[in-house]
Amino acid sequence: MSFLSTFRRDWLSSPRADVLAGIVVALALIPEAIGFSIIAGVDPRVGLYASFSIAVIISCVGGRPGMISAATAAVAVLVGPLVKSHGLEYLFAATLLMGVFQVIAGFLRLDLLMQYVSRSVITGFVNALAILIFMAQLPQLIGVGPTTYVMVAAGLAIIYLFPYLTRAVPSPLVAILVLTAISIYFGLQVNTVGDMGALPSALPSFALPQVPLTLDTLRTIWPYSLTMAAVGLLESMLTAQIVDDMTDTPSDKRRECKGQGIANFVTGLLGGMGGCAMIGQSVINVRSGGRSRLSTFVAGALLLFLIVVLGPWVARIPMPALVAVMIMVSIGTFSWNAVFKLRTHPWQSSVVMLATVMVVVWTHDLARGVLTGVLLSGVFFAGKVRRMLSVRSSLSPDGRQRRYDYSGQVFFASAGRFAQEVDFKEAVDGVVLDVSAAHFWDISAVEALDKVVMKLRRAGKQVEVVGLNAASATMVERFGVHDKPQACGRGD
């Protein structure tokens, strides 16, 4: 595919829809970025500059067109202690190193680890994030007047009913514009974007972090940078998978890893905090018609224009309008089908999904929730495969030889059962271990075979292993000891 055709596909496949979607996302990013800055304990401009920088850069170098990346809560909660103990410049330095770690991760193909994240974990991640998005709107709905509730209800009505009139303009954008006009015209007393924090009035500038270039500085920032990089990549890879499913298109996860690193590295030089993919804003973008890199670029570029040039007007946008948009995102993100099928899905899958949701919602830490889900998936999978190993035994007509027929997979989880099925005290002269229908996967499996053979020999029995397939025979030849001369001597 030529460069021109690739450029058209990635940037100009649907420019009108992408521009309109980018406008919606840019407006939704402003309160989010300010809120994340507050979480991190920094000035609002740090989060706003980061959202602009990451979105614009990732639109060019990322591997998932149409996905939105910016400053996020998942990263913001990690850097609060660093800012509090060492100051803002150390945050910028940690963001630079975060980018370096993510680029290295891209070259090491760590994106392939996503293959071990089950569908149940992804569903749990999505549902937990939907709940967190809704919970994040509660401060704007508690202790406010009835006008706020009316505006939120009106916003949701516009969002869901306007598409029946036309889909030419994204309904969330219509809701924001209509409610802003009503709020300004009638002078309604509701919270506005300006109440979240002061908007910057100048463009960001390149500058190296003002920190000592010493090993002490590196020792201070690297634990934060490594954690930020890991959490950022995890959330980005999961969000990319979700956007893949929503758009029925593939993405380049390896390129996305490197792109996230480049975006965060440059952002550290621009005076911004670290960030990653945002599932909420990505869903807004896709549902508003954004599919190409242009939508992400417009979101970032327009965000900077809004806060620097149109700051006084943007500050008057009523928060109920943006709350309505985020509630729509929460409802649309949640996998209702997974709830309805809890009783029909395998109980292990349901447990993994619910555990992921509960840990994320309880800790507000996406990484812990996903790690919990992955570990549970691994435990359930190991248990399932363990039961796939079956053993049958038969005694020869003369009663002098016992034959064990193994069928299935022998690995660390089933190695114990391999030995448990053998009667070492039985009064027979010989034992045949037939593994024609079995496969040895790891050293634990080979050690289990060694244990059985050598224990039987110590009991004075003649042992014969038959039926090893080529791959299993290679494993046994390299790592086994029961068939080595010195091992046999010890066994005799």
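**Pockets, cavities and a sheet**

User: How much space lies in the second largest pocket?
Analyst: About 510 Å³ of space lies in the second largest pocket. A pocket here is an open set of points on a 1 Å grid over the protein atoms alone, with protein on both sides within 12 Å along at least five of seven lines; a cavity is a set where a 1.4 Å probe fits but cannot get out, and lining residues have an atom within 4 Å of a point. Points are joined across faces, edges and corners, and volume is the space filled by probe spheres set on them.

User: Which residues are the closest to the centre of that second largest pocket?
Analyst: Leu 110, Leu 113, Ala 230, Leu 233 and Leu 234, out of 22 residues that line the second largest pocket. Keep in mind that this is a predicted model: local features need pLDDT of at least 70 and side-chain atom pairs count only at pLDDT 80 or more, while totals for chains, interfaces and linings use all residues. Residues are numbered from 1 along each chain as its sequence is written, and side-chain values use heavy atoms, with hydrogens and water left out.

User: Which elements give two or more residues to that lining?
Analyst: α5 (88-107), α9 (215-247) and α17 (366-386) do for the second largest pocket. α9 gives the most, with six residues. Helices (H or I, at least four residues) and strands (E, at least two) are DSSP runs, numbered from the N terminus.

User: What is that lining by class?
Analyst: The lining of the second largest pocket has 20 nonpolar, one polar and one charged residues. Ala, Val, Leu, Ile, Met, Phe, Trp, Tyr, Cys and Pro count as nonpolar, Asp, Glu, Lys and Arg as charged, and the others, Gly among them, as polar.

User: OK, and how much space is in the largest pocket?
Analyst: About 770 Å³ lies in the largest pocket. It is lined by 30 residues, and the closest to its centre are Glu 32, Phe 36, Ala 73, Leu 132 and Ala 136.

User: What lines the largest cavity?
Analyst: Ile 58, Ser 59, Arg 64, Pro 65, Gly 66, Met 67, Ser 69, Glu 256, Arg 293 and Thr 296 line the largest cavity. α3 (44-61) and α12 (293-308) each supply at least two of its lining residues. The classes for the largest cavity are three nonpolar, four polar and three charged.

User: And what lines the second largest cavity?
Analyst: Ala 74, Val 77, Leu 78, Val 231, His 364, Asp 365 and Leu 366 line the second largest cavity. α4 gives the most to that lining, with three residues. The second largest cavity's lining divides into five nonpolar, one polar and one charged.

User: Switching topic: what is the strand order in the open sheet of four strands?
Analyst: The order is β3-β4-β5-β6, with mixed pairing. The edge strands are β3 (390-395) and β6 (462-466), each pairing on one side only. Two strands pair if DSSP finds at least two bridges between them.

User: Do β5 and β6 pair parallel or antiparallel, and over how many bridges?
Analyst: Parallel, over five bridges, with β5 covering residues 430-440. Asp 434 has Val 466 in β6 as its bridge partner.

User: In which sense do β3 and β4 pair?
Analyst: β3 and β4 pair in the antiparallel sense over six bridges. Val 391 has Tyr 406 in β4 as its bridge partner. Their hairpin has five residues between the strands, and there Gly 399 takes a positive phi near 75°.

User: Which strands does α19 lie across?
Analyst: Helix α19 (residues 443-458) lies across β4 (401-410), β5 and β6, running at about 175° to β5. Contact means heavy atoms within 4.5 Å. Axes are lines fitted to C-alpha atoms, for helices over the stretch in contact, and angles run from 0 to 180 degrees between N-to-C directions.

User: Last one: what domains does the chain have?
Analyst: The assignment gives domain 1 (13-337) and domain 2 (389-479), with bounds from an automatic or database domain assignment. Their C-alpha centres, those of domain 1 and domain 2, lie 57 Å apart.
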